[in-house]
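Here is a quick tour of one protein model, written for someone who likes to know the cut-offs. Have a look at the fold, then read on.

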Amino acid sequence: SQITTLINHKDKPKRSDKTLQAIQRVGQAVNLAVGRFVTVGEAIANENHELKKEMSVACIEARRAGETIAQLTDVASLDHPESDSHITIFTDKTGVVKAARLLLSSVTKVLVLADRIVIKQIITSRNKVLATMEQLEKVSSFQEFVQIFSQFGNEMVEFAHLTGDRQNDLKDEKKKARMAASRAVLEKCTMMLLTASKTCLRHPDCESARINKDGVFHRMRLALEQVIEIVTDSRPTGENEMAPISIYSGIKEFKNKVEGLRENLYFLSKENLSTMLEVILEHTEDFTDSAYTSHEHREHILELSKQAKMELEQLVSVWMQAQNQKTKDLMEDLEVAILKTCQCMNELKREVHSAATSLAADLLKYHTDHMVLKALKITGVEGNLEAVAEYTCKLSEQKEQLVEMCRLLRHVSGTEPLEITCIHAEDTFQVTGPQIISAAETLALHPSSKIAKENLEVFCEAWESQLSDMSMLLREINDVFEGRRGEKRVYLSLPRPGKHNANLKALKPVKLDTEEQAKIAKLGLELHLLTSDMDSETEKWEDQENEIVQHGQGMSSMAYSMYLFTRGEGLLKTTQDLFHQAEIFATEGTKLASALHAFSDQVHDDDKPLLLLEAEKLISMCKQLQITAKASVQGKSATFTKVDACILKTRNVMTLSCQLLPLCCKLLRKNKAGNGCLKPAPPWREDRIRTGTNAHTPERRAETFGIKSLENHVTNMTFLESK
């Protein structure tokens, strides 16, 4: 944007000092920004020798271009900036344009090279996870398993960070949804892998336990492979990228073609339109052939299919006549035929939507009590193989119903991300059903086994969780159909709270929708900028173990996670997660204020009263934030207002904290009487992963709790303790 300002600068005969200063400031800003950017690029180059040469050349070009722009805009101090003796933007506009082009091309090259490195990092991380998984599969002793699983947990955390960042960076909503689905599989399967492996170790001769464990490993490998396909933009040979077209997208495309006839009678053939309608009607057979579609819906769909064929025949007839003779009457007849065809398709769309969503609502309501799962747990503990067999049959029936429900919902999902979520849900039911059955059989064979019982619990919980997700998905599909919301994004990133957090489990998961995210985006961005300022200030302290620095870093990390929440990203999934984070943030802010008080006792300076005054103000602001975060609210509007208030107050606390840190640093420098406290900037790798060097900060703990709780689970620690 700064370069565009320079290029679009209009030459005027008279130039004020203010204009000259503004031009110089922009030129200097560009050069400084390039300098910071190139420093990062050079650090990346030093860490990645295979691309060092290419990256270094691009960085040199960028730096040279930035310096050229700074020289050409160095006009504020000149008496005659247009003088030929000193080449400036006024005498050599072409030079600025050339420098700008060189700068943009070299910066783009650095970004592309950095992107290749990120992809390589994800692939390397995946390979490490796969290698450790192989070790876990072959392990024969429980002690060895615990050690390897601890390593596996750390590797999964690293993979989660890398793929989470990549998911946020993806521009294609379809790829983003696929990435989210794959990462959700990895999240759930990590806990399953733990209990299934432990069960297998406890009962090594049990065939059902082995089948159960093999299923988890297989699914994790598929999910890991899909992540790499998305990241590298590749697919296995012979596999089609496009899933079968849904009825919604088919109708949308068909209507666009029909309505296009108003503008151009010759842009497609009648055979094209007929083929498109045939494909749509073939898909409606998924509804008419389904055993779960009501008789009434089936009859209506068949009637509308027949009517659609008739309307298209009439349209084609008038269309062909209009091509030969473009009279006013024929064009009016064509308009009527277009309207009637589109209306018929809209009615068909409404009917299939009603059929799919009413079936889904009925099934979800019917299965909400989880009676079959409860019965499997009870009969398994009793060791009643006959009863377990009976209930596994019922679960298989339930699975078929839910799989069919997902297939029908996919046809009416309305957006590609929701369509992918439906496919993910279908796969989850398909795979989890047999896994519950094998876990139940293992428990029935070993009814006194605590680990077999726990294993069944984990798989049942995954099933219940997916049913809960389906209720939310159904609401989103209805919202899209009724035009209440635009395209929905899928938020399933890894890791999430596990089964051991009773507090979180009891809360109703509420997420911000797209409109709410848009409203709060500006506040979130301000929070993001403040975290950068805070990080910059804390890096200046020589003593990184200083209590003030520690609390500042902790607050910055938590504020950053709250910023990610405003974008629908990161680890805070629900509004309740955000409120809980705001409480912890306020507590950390209060601790910072206490540290400032303690620090003020050690200094004697004119600024000391100001420091104490600001510290008191910080305590008051943190108390207000805590009150807001703990306040009970009901309803969508009130919840959003509370979210807005929490983020606003967090921003205010961060603003004040960012002012206090440099003041403290200045006082410290005075006290040290010239013993410099500035610290060189950390290397790129540390700076890139903001929590990588501060494993003890709250954000780091929050980032790792989903995976770390699995290791803690091995040593019988509760989830809350791990957090």
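## Ground rules and overall make-up

Helices (H or I, at least four residues) and strands (E, at least two) are DSSP runs, numbered from the N terminus. On that basis, the protein chain has 24 helices and zero strands.

This is a predicted model, where local features need pLDDT of at least 70 and side-chain atom pairs count only at pLDDT 80 or more, while totals for chains, interfaces and linings use all residues. Residues are numbered from 1 along each chain as its sequence is written, and side-chain values use heavy atoms, with hydrogens and water left out.

## Surface and contacts

The accessible surface of the protein chain is about 34800 Å², and 52% of that belongs to carbon and sulfur atoms. Areas come from the Shrake-Rupley method with a 1.4 Å probe; for residues, only the protein chains shown count as cover. Of the 723 residues, 50% count as buried (buried means under 20% relative accessible area, exposed over 50%, partly exposed in between; 1.4 Å probe, protein chains only).

Contact means heavy atoms within 4.5 Å. Take the contacts between residues at least 6 apart in sequence: 77% of them join residues at least 24 apart.

## α9 against α13

Two packed helices are described by the angle between their axes and the distance between the axes. For α9 (residues 270-288) and α13 (residues 385-411), those values are about 145 degrees and 10 Å. Axes here are lines fitted to C-alpha atoms, for helices over the stretch in contact, and angles run from 0 to 180 degrees between N-to-C directions.

Who makes the contact? On the α9 side, His283, Asp286 and Phe287; on the α13 side, Glu404, Leu408 and His411. They split into two nonpolar, two polar and two charged (Ala, Val, Leu, Ile, Met, Phe, Trp, Tyr, Cys and Pro count as nonpolar, Asp, Glu, Lys and Arg as charged, and the others, Gly among them, as polar).

Most residues other than glycine have a negative phi. Histidine 370, not a glycine, has a positive phi of about 55 degrees. Histidine 370 sits in the loop between α11 (328-366) and α12 (371-382) and counts as buried at 19%.

Serine 317 belongs to helix α10 (residues 295-324) and is partly exposed, at 34%.
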